Amino acid sequence: MLSCLGVAGYGVFGYALAAPGTTVHPEMRAVFERYSAAIYAHVFGSMVALLIGPFQFLRSMQQRHLNWHKKLGWAYLVFGVGVGGFAGLFLAQHAFGGRVSQLGFGALALLWLGTAAMGLRAVKKRDIQAHRRWMVRNFALTFGAVTLRIQLGSCFGAGLAFESFYPWLAWTSWVPNAVAAELWLRRRRGSTPAGSN
Ligand code: HEM
């Protein structure tokens, strides 16, 4: 929760209090200035997902405050993943670092939108277990925004050149999260009695 809050705070600082791209590489800044509507939609949309996501997994939200879980769930899906994800998919075509980062961010955007659609489909069919599994996968991808900033900080800390590492972060920021979510779901499935949540 705290790390999500931290990255959302960075979004507010970098994009509400400053001109878009103030905090990034000059080539990225040029893209953000050119497509300012897309970067604003992406940062502020995705921020909704990052802020709401952690609360949706709390047992108390799912059991005692189901109405809130539903309302926040719609906001997560529509504004967070919907607005943030389609804008992210658009920006992926112009991502800094060429084909490697464009494909990495593009794949992330498609999986983000796809897992959200599957989560919604499952809950519409009243399959709560499948809904939870798809939303765990989806939030693991949302959390890529946090992993990316941790990896950025580590690479800068190690004295590496931005141009050399950034394209790879478009993959390393989310693939381990997706694998960890899958392993966790598998382990949980093995230890949970059939029919329970
Ligand atoms: C999970 C799906 C996501 C995708 C596919 C995605 C994609 C992208 C892309 C393509 C860029 C432009 C990068 C470049 O030009 O090199 C970008 C930048 C950015 N994204 Fe995302 N993103 C995602 C999630 C998030 C989340 C959850 C946040 C949280 C607020 C976020 C915040 C930002 C910010 C602040 C930038 C501007 C770059 C910076 O200042 O660090 N993104 N994103």
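**Exercise 1. Determine which residues threonine 115 touches, and describe its setting.**

Step 1. Not counting residues up to four places away in sequence, threonine 115 touches Trp134, Arg137, Asn138 and Leu141, where contact means heavy atoms within 4.5 Å. The model is a predicted one, in which local features need pLDDT of at least 70, side-chain atom pairs count only at pLDDT 80 or more, and totals for chains, interfaces and linings use all residues. Residues are numbered from 1 along each chain as its sequence is written, and side-chain values use heavy atoms, with hydrogens and water left out.

Step 2. Threonine 115 lies in helix H6 (residues 99-124); helices (H or I, at least four residues) are DSSP runs numbered from the N terminus.

Step 3. Threonine 115 has 8% relative accessibility and therefore counts as buried (under 20% relative accessible area, with a 1.4 Å probe and protein chains only).

Step 4. A polar atom of the threonine 115 side chain lies 2.8 Å from the backbone oxygen of leucine 111.

**Exercise 2. Locate the ligand and identify the residues and helices around it.**

Step 1. The ligand sits in the largest pocket. The elements that give two or more residues to the shell around the ligand are H1 (2-15), H2 (26-34), H3 (36-56), H5 (66-92), H6, H7 (128-142) and H8 (144-157).

Step 2. The ligand is surrounded by 26 residues, and the closest are Tyr10, Tyr15, His42, Arg149 and Tyr166; a residue is near a molecule if one of its heavy atoms lies within 4 Å of it.

Step 3. The largest share of this shell, six residues, comes from H3.

Step 4. Take the side chains in turn. An N or O atom of the tyrosine 15 side chain is 2.6 Å from an oxygen atom of the ligand. For arginine 149, the distance from a side-chain N or O atom to a ligand oxygen is 2.9 Å. Tyrosine 166 has a polar side-chain atom 2.9 Å from an oxygen atom of the ligand.

**Exercise 3. Characterise the position of valine 43.**

Step 1. Valine 43 lies in helix H3 and is buried, because its relative accessible area is 13%.

Step 2. Leaving aside neighbours within four places in sequence, valine 43 is in contact with Gly11 and Tyr15.

Step 3. Valine 43 and glutamate 27 are 16 residues apart along the chain, and their C-alpha atoms are separated by 18 Å.

How values were computed: Buried means under 20% relative accessible area, exposed over 50%, partly exposed in between (1.4 Å probe, protein chains only). A polar contact is a pair of N or O atoms within 3.5 Å; within protein, one must be able to donate a hydrogen and the other to accept it, and residues adjacent in sequence count only if both atoms are side-chain atoms. On a 1 Å grid over the protein atoms alone, a cavity is a set of points where a 1.4 Å probe fits but cannot get out, and a pocket is an open set with protein on both sides within 12 Å along at least five of seven lines; lining residues have an atom within 4 Å of a point. A molecule sits in a cavity or pocket if more than half of its atoms lie within 2 Å of its grid points.
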